[in-house]
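Subject: A structure for you to look at

Hello,

Here is the structure I promised to pass on. Please have a look at it first, and then read my notes below.

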Amino acid sequence: MFHFTIGMDPNIARIGPFVLAWHGLLTAFAIVLAVVVIYREFARRGLSLAKYDSLAFWTIIGGILGARLFYVIDHAGYFLDHPLEAFAIQEGGLAVYGAVIGGFFSVLLLTGIFGYPFGQVIDAIAPGLILAQAVGRIGCLINGDAWGGPTDGPFSVTYTHPDALLPSSLHGVPTHPYPIYDMAMNLAIFGVVVWLNRRRLPAGTTFAVFAALYAVTRFVISFVRQERIWFWGLQEAQVVSLVVLAVSAVALYILLRRQPSSEPLTAD
């Protein structure tokens, strides 16, 4: 039986009203890691790096805004009573799907502005994005903001610190280590997208496969989570997963009927 206890404070330090949390620190590291990995993929593909910094910066902003928006919506009851805490992103509470969707539409807009080929860019982004998600889940594991339901199974985690972000009713209770499941899933998908990016495929295919794989696996592992039900017994992430899977399947059907991309790899 592999059971472990997390009793560490999710916050590293407090300076006045500002809180430096492990989640915020690891999220920042994940973002830097993604920027570096994607930069290398841009260079490998021959994509222009002249406007990369601006593209990366505004995509990150869009991703963070989307991630926080999805989290606040999913926990609307709490934030209606604590509206100012909706802005305390450094303490945790970022929805992965919100980051992906917010970042996706930011890239869609920015590639048009900067003259980048959209399909090539999203394929280049895929490995950095999924790797960053895996790293970011370490912060979720520490602070408990992506908690699993109670379990008496052979693999569990128990939170004992009073400031852990899971519901107080679950403090001291063995729960599914959901962030670990998600990390393992992300790393497996990372391997797939890196392999796909070495193949000659129509532009956009790698990202569509990434989105489809993430949708399927996220839908399945969300059954061990304890989140608000939207409808049909499904949580927010599961409903979004079904939509993403449907869109990805259509995109893949269209893309794989095309010849491998011959579009230019440089921006003006």
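**What I found**

Let me start with one spot: D145 sits in the loop between α5 and β4 (helices are DSSP runs of H or I with at least four residues, strands are runs of E with at least two, and both are numbered from the N terminus). Please keep in mind that this is a predicted model, where local features need pLDDT of at least 70, side-chain atom pairs count only at pLDDT 80 or more, and totals for chains, interfaces and linings use all residues. Residues are numbered from 1 along each chain as its sequence is written, and side-chain values use heavy atoms, with hydrogens and water left out.

Is D145 buried or exposed? It counts as buried, because its relative accessibility is 5% (buried means under 20% relative accessible area, exposed over 50%, and partly exposed in between, with a 1.4 Å probe and protein chains only).

With a relative accessible area of 2%, A146 is buried. Leaving out residues up to four places away in sequence, A146 touches R137, C140, Y178, P179 and R225 (a contact means heavy atoms within 4.5 Å).

Now to the chain as a whole. It has eight helices and six strands, and from the N terminus on the order is β-β-β-α-α-α-α-α-β-α-α-β-β-α. Of its 268 residues, 51% are buried. Among contacts with a separation of 6 or more, 73% are between residues 24 or more positions apart.

Next, the inside. The largest nonpolar core has 40 residues, and F42, Y116 and F210 touch the most other members (such a core is a set of buried Ala, Val, Leu, Ile, Met, Phe, Trp, Tyr and Cys residues joined through side-chain atoms within 4.5 Å). At least two residues of this core come from each of α1 (22–45), α2 (52–74), α4 (96–114), α5 (118–143), α6 (178–196), α7 (205–221) and α8 (236–255). Which helix gives the largest share of this core? That is α5, with ten residues. Apart from this core lies another, of ten residues, including L141, W147, L166 and M183.

The largest cavity has a volume of about 660 Å³. It is lined by 32 residues, of which I31, G63, A99, L129 and A132 are the closest to its centre. Two or more lining residues come from each of α1, α2, α4 and α5.

Finally, L33 is found in helix α1. L33 is partly exposed, with a relative accessible area of 24%, and it touches L131 and V135, not counting residues up to four places away in sequence.

Best wishes

Note on methods. On a 1 Å grid over the protein atoms alone, a cavity is a set of points where a 1.4 Å probe fits but cannot get out, and a pocket is an open set with protein on both sides within 12 Å along at least five of seven lines; lining residues have an atom within 4 Å of a point. Grid points are joined across faces, edges and corners, and a volume is the space filled by probe spheres set on the points.
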